[in-house]
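Biologist: I would like to learn how to read a model like this one, starting with whatever you think deserves attention. Could you take me through it step by step?

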Amino acid sequence: MIVTVEWMEKWFRFFDDEYFGGKLPTPELGVTRAKTRLGQMAYKRATRWGRTKLYDFKISMSTYYDMTEKQAKSVLLHEMIHYIIGYTGLKDTSSHGLVFRGMMDKLNRTYGWDIRVMTSTKGWKVSEQVVKKKKAQGPQTYLILAIEMQDGKHFLSRVNPGFARRIESQLVKLREVKSHCWYTTQENYFEDYPQVRSLRGRRISKADFDRLLNVLTPFHF
């Protein structure tokens, strides 16, 4: 199934009544085509007289995958846990801290859901709409950042081009970085890399690092 706003609204109201005591007003609901972020709960924050209030909540879900009903409902429930924590002002130890995990474990254990802190999409079916769009666009070109650290560790990142110059300006100030280079490629290998907007990457072995550099084309600003 492909998630729609209408589907989200229906099951949000059902889950609120069944699991959250009917406490939650329906937030703004929306869909995205994100590949690595299946769901997201966003909000605005205002601080007054030393107290912080969260408002304008929005829950979004991805249409990138053709999910099963259970997968989609588990993603929605994940975001609803974030929502009730934020809406009621509960304090948690972290984004997916003790409060979040307690609610998640209770729903999974009591009702048989598969809510997770992190969900692997390996083997998930990509939606037909996404497949058709990729075919129409042809091979995609990726901007790759290769970093070698002073301690010998190696990292690769697939970077959003709009944030490349900002990341470059940060890199040149870091003493921990021994060297870094920018590349472009159309290798499908990098399709599974998340496209980052900040300085982070995937650690790989030196052997894999050197091997992958052979299929990359140097890029200069």
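**Pocket, sheet and helices**

Modeller: In this predicted model, let us begin with the second largest pocket, to whose lining β3 gives the most, namely four residues.

Biologist: What is the volume of the second largest pocket, and which residues are the closest to its centre?

Modeller: Its volume is about 500 Å³, and of the 16 residues that line this pocket, Tyr-43, Leu-54, Ile-85, Gly-86 and Leu-90 are the closest to the centre. The elements giving two or more residues to the lining are β2, β3 and α2, while by residue class the lining divides into five nonpolar, six polar and five charged residues.

Biologist: In which order do the strands of the sheet stand, and which are the edge strands?

Modeller: Strands of a sheet pair through backbone hydrogen bonds, and they may do so either parallel or antiparallel. Here three strands form an open sheet with mixed pairing, in the order β1-β3-β2, and the edge strands, each pairing on one side only, are β1 (28-32) and β2 (39-48). Neighbouring strands are turned against each other by 30° on average, direction ignored.

Biologist: Where do the helices α1 and α2 lie?

Modeller: Helix α1 (residues 5-19) lies across β1 and β3, running at about 135° to β1, whereas helix α2 (residues 69-88) lies across β2 and β3, at about 170° to β3.

Methods: Residues numbered from 1 in each chain as written. Predicted model: local features only at pLDDT ≥ 70, side-chain atom pairs only at ≥ 80, totals over all residues. Heavy atoms only, no water. Pairing = 2+ DSSP bridges. Axes fitted to C-alpha atoms, helices over the stretch in contact; angles between N-to-C directions. Contact = heavy atoms within 4.5 Å. 1 Å grid on protein atoms, 1.4 Å probe; cavity = no way out; pocket = protein on both sides within 12 Å on 5 of 7 lines; lining within 4 Å. Points joined across faces, edges and corners; volume = space filled by probe spheres on them. Nonpolar A, V, L, I, M, F, W, Y, C, P; charged D, E, K, R; others polar.
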